[in-house]
Amino acid sequence: MKSRASLKKLLSLLLCLALTTTLLSGAALAVEAHTTSEECIAMIKELEGFRSLPYADNNGKWYIGYGVECGQNDYPMGISEEEADLLLRTHLVQLEEPKVNDFLRQYGISVPQYQYDALISMTYTLGSQWINPDYRLCSYLINGIDQYTEAEVVNAIATWCHSGTAVLENLVSRRLREAFLFLYGDYNFQDGLSRYCYIDYEVNGGQNDPGMGSRTVFYPLGAPYGQLPVPTKAGAVFQGWFTAGGVPLTGEETAMGSLSVYARWDGGAAAPIPSTPAEPKPDYSAWVNPYRDVKESDWHYSYVRELSYEKILGGYPDGTFQPGNFLTAGEALKLLLVAATKVDPGNAPAGHWAGNYLSLAEGMGCVAVGEIANLDAPIDRLTIARIAVIAMDLELKSGVSPFADVDDPYALTLYEAGVTTGEIEGSVRFYRPDSAISRAEMCAIVSRLRGYSAPNDPSLSGYITYGGKQIPVLWDVPAAPYNKDLFVRSGSRLYYNDPAYTTAWGIDVARYQESIDWQKVAEAGVEFALIRVGGRFAESGELYDDARFEEYLTGAKAAGLKTGVYFFSQAINTAEAVEEALYTIGKLNGRGLEYPVIFDWEIYSKTARSYGVDKNTLTDCAIAFCETVAQAGYTPMIYMGLEVGYTRLDLSRLTGYDFWFAQYNSRNQPDMYYNYRIWQYTDSGSVPGIEGKVDMNLALIPY
């Protein structure tokens, strides 16, 4: 056990080390040794958050204060913020500063204070892995950082954002902040995710393109991705990159948000396969932009380039494209019909030039005879949706509209096909059905029509793609009915904009949240709280109490929140699962709950006693826990992420229970194929009344 006296000794050591650094002569050092600035220490504190008691990460390592590593049994009485500050400073002086200073000294590299601080912050969470000439950041510093672009530096730093192969969104945010501190000296920069997005490339058994540097590549938002990496695989031919929905990615698209893509190989099991692959687009790199009113930073640049290059839509004699001008009905008919049908009847030799296109539209049933009386007048967006859907021969969809201003099956079908997205204002999506369409908007629609391929649906293909594998669909397990695009994030709050569902916003907490002002939590709009009652240690297998369970349950109920509880299980057999359930029931002592009692079994680490539990045994454990809970009169539930849900549990045996699903991503879209009642969508939310980060949840069918 570390005492207050030992902390004072650490302070003395810190002062001695600082004095030693000051006394070193300039002649002895080729490069002046830096120390961490106060601004950097404040930034690290902000990023880490303060915890007074030891806590464990997913790898079984224990930390305290502002993320300083410690032993599980160190500091049983906790520490104060002042003591945590001292531990942090001592850790930086003893461990991180020597690593960075030795590297800079070895290669004779001089950096300004803010770049040094960025390296310290990065090394604090990463260690010295990056200090290797084989890695980009190290080699850039050795070669001279000034010769590299912003995007190259961002990628060299932000690439360290993984746990295994999984991208961690909190690390993405942190690395981007460190990158912009390194580039521009801004200690308070918060907008990295509004400047850059990433593509996570899954090679599906192949080898990464050597030029990638990492499987995750960052791109400036609002610009085309450009040339995509080309992986290799022995005995196979690379067919391209595809999203999980089977949509091809060419590099011509404008970077609008982060996504994951999968390599497809001829003859190999890989990403979802579109039923009708789109024809590859030509190389547009040789195109010279003739338009003075279209810039590379414009959202519509890649679409205008495509249609201009292929002489589908041109500009005006004065050298402009006039992207905001509205299209006439004749122009819209020609563009839509040729893109959707690949048939071009040509301009009419007599009468109105667009007469042939109108006749084609009427013959296909896209519009009624006589419906379009003036081919030179603007055409509204709702009519455009009907023409496009019928011309593409898409199956008309039914269901709740994603748009707040129209409930129309053609608009819904075009939206679900990915051809139109509408406009989002705040947390609401609009279609603007009566508005005319601009030339820029039509370029986007025509490009998507030309590249459209029906996405693979697990309910049709019979397989779910996860971790580079094709997992057979469990037909007896209900699929999630939610429209992913209706999830809209605003700050820490998530909304599901579907009037068919009533939702509730909630949190889940454990003792790490420290003291909670439950009244402030309730006033912020939080409707329910899931509270940890206790758990089982991953290594020893012993049960433990959550020290704040009683305090949290009492406080949440007093503030008017609905409550449920969860037990952090590491059960390896049904006897332990029943023991965990009985322990939980005993702690509740007959008190009522509005939300379930939850079996929360997670993959802890490869060294945990629970790591090798097979699927059948773990499923037995889940059933034993839930049945014991149900017999006591409570509603059971099972917690799972994608890996546990797809690979560790047999969901076909668990259809009698509701699921609490966990996944965090910058898209704010859940990827779980099967149904769930609650989505834990972030572990870094913020709520008044709680210091630091907290898990946030959305109940899609509230209890």
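Helix packing and confidence in a predicted model

Helix H9 crosses helix H10 in a left-handed sense. For H9, which covers residues 329-341, and H10, which covers residues 355-364, the axes come within 9 Å and cross at roughly 55°. That angle makes H9 oblique to H10, because angles under 35 degrees count as roughly parallel and those from 65 to 115 as roughly perpendicular.

The side of H9 that faces H10 is formed by Leu333, Lys334, Leu337, Val338 and Thr341. These residues meet Tyr357, Leu358, Leu360, Ala361 and Met364 of H10. By class, the contact of H9 with H10 contains eight nonpolar residues, one polar and one charged.

H9 also packs with helix H11, residues 381-392, and here the axes are 8 Å apart at an angle of about 25°. H9 and H11 are therefore roughly parallel to each other. The crossing of H9 and H11 is right-handed. In this contact H9 contributes Leu333, Leu336, Leu337, Ala340 and Thr341, while H11 contributes Ile384, Ile387, Ala388, Ala391 and Met392. Nine of the residues in the contact of H9 with H11 are nonpolar and one is polar, with no charged residue. Leu333, Leu337 and Thr341 of H9 take part in the contact with H10 and also in the contact with H11.

Another helix pair lies elsewhere in the chain. The axes of H2 and helix H7, residues 169-184, come within 12 Å and cross at roughly 165°. H2 and H7 are therefore roughly antiparallel to each other, and their crossing is right-handed. From H2, the residues Met43, Ile44, Glu46, Leu47 and Glu48 meet Arg174, Arg177 and Leu181 in H7. This contact of H2 with H7 divides into four nonpolar and four charged residues, with no polar one.

Aromatic rings give another view of the model. The count comes to 36 aromatic pairs. In one of them, the rings of phenylalanine 50 and tyrosine 66 have their centres 5.6 Å apart and their planes at 50°, so the pair is tilted. Phenylalanine 50 is in the loop between helix H2 (38-48) and strand S1 (51-56), and tyrosine 66 is in the loop between strand S2 (62-65) and strand S3 (68-70). The two residues are 16 residues apart, and the pair links distant parts of the chain.

The protein averages a pLDDT of 85, and 89% of the residues score at least 70. Where pLDDT is low, the predicted coordinates should not be read in detail.

Technical notes:
Residues numbered from 1 in each chain as written. Predicted model: local features only at pLDDT ≥ 70, side-chain atom pairs only at ≥ 80, totals over all residues. Heavy atoms only, no water. Axes fitted to C-alpha atoms, helices over the stretch in contact; angles between N-to-C directions. Helix = DSSP H or I, 4+ residues; strand = E, 2+ residues; numbered from the N terminus. Parallel < 35°, antiparallel > 145°, perpendicular 65-115°, else oblique. Left-handed = near helix turned anticlockwise from the far one by under 90°. Contact = heavy atoms within 4.5 Å. Nonpolar A, V, L, I, M, F, W, Y, C, P; charged D, E, K, R; others polar. pLDDT = per-residue confidence, 0-100. Phe/Tyr/Trp six-rings, centres within 6.5 Å; stacked < 30°, edge-to-face > 60°.
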